[in-house]
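Please read them with the structure open beside you.

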Amino acid sequence: MSRPAGQVLAGNLRALRELGGLSLSELARRSGIAKGTLSQLESGTGNPTIETVFSLSNALGVPVSSLLTAPAESEVVLVRGAEVEVLSGTAVDLRMLRRLDLADTVVEVYDQRVRPGETQYSPGHTGREHVLVTEGVLRVGPPTDPYEVGPGDYVCFPAAGPHVYSAVDGPVTSILLLEYPSTGDRPAIGVHGD
């Protein structure tokens with residue numbers, strides 16, 4: 001049986017913070033997340049949003065999956081969608097299905113649902129985003145010139161700059177792949193800090 005996502009995040013967050021030699025106060029400063037919230041996340045009692053997890057990923061210099069993935073227990077990986085916790089943001093619900101470590105690259109595989117009526121904004125992060133729409137019409141990419149993609153369409157773009165996700169007419173179902181350079185899961189302390 002798998003560990004609940006909150007417990008996985010708690011253990012990984014504490015380990016990565018300690019590996020980087022960061023206090024809770026310093027991680028709060030770098031991530032823009034309140035120290036009390038970080039304390040709750042490390043104790044497994046917090047309820048993180050997409051924005052929170054991506055802020056932590058950027059502050060620690062690691063892929064999101066380094067925070068959300070438990071170590072593999074078997075050679076066979078079977079993911080039951082109903083058992084994966086949803087990470088929600090303003091307009092997007094993500095379920096991380098898999099992390100793939102490929103030589104010098106980490107790829108995270110997500111089931112992504114975009115709710116109509118809101119826009120999900122990302123200030124940017126390392127890597128590239130790959131999106132394959134399976135249902136609905138999605139507006140995605142730079143806020144000033146997003147791409148419109150429908151069922152069967154694929155788009156890939158650098159994720160370093162600001163980007164948005166919004167459903168055009170109704171709900172959108174898509175597969176999101178986040179591609180990062182591998183860091184060996186060692187925090188790149190100082191690289192993303194202000």
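1. Pro171 sits in the loop between strand S9 (163-167) and S10, where strands are DSSP runs of E, at least two residues long, numbered from the N terminus. The model is predicted, so local features need pLDDT of at least 70 and side-chain atom pairs count only at pLDDT 80 or more, while totals for chains, interfaces and linings use all residues. Residues are numbered from 1 along each chain as its sequence is written, and side-chain values use heavy atoms, with hydrogens and water left out.

2. Pro171 counts as exposed because its relative accessibility is 61% (exposed means over 50%, buried under 20% and partly exposed in between, with a 1.4 Å probe and protein chains only). Leaving aside neighbours within four places in sequence, Pro171 is in contact with Val114, Pro116, Glu135 and Gly136 (contact means heavy atoms within 4.5 Å). The C-alpha atoms of Pro171 and Leu138 are separated by 8.8 Å, although these residues are 33 apart along the chain.

3. Strand S10 (residues 172-181) runs antiparallel to strand S5 (residues 128-135), and 7 bridges join them; two strands pair if DSSP finds at least two bridges between them. Arg128 has Glu179 in S10 as its bridge partner.

4. The open sheet has 6 strands in the order S1-S2-S3-S10-S5-S8, with antiparallel pairing. Strand S1 (87-88) and strand S8 (154-158) each have a single partner strand, so one side of each is left without a neighbour in the sheet.

5. Ile175 lies in strand S10 and is partly exposed, with a relative accessible area of 31%.

Terms used: Helix = DSSP H or I, 4+ residues; strand = E, 2+ residues; numbered from the N terminus.
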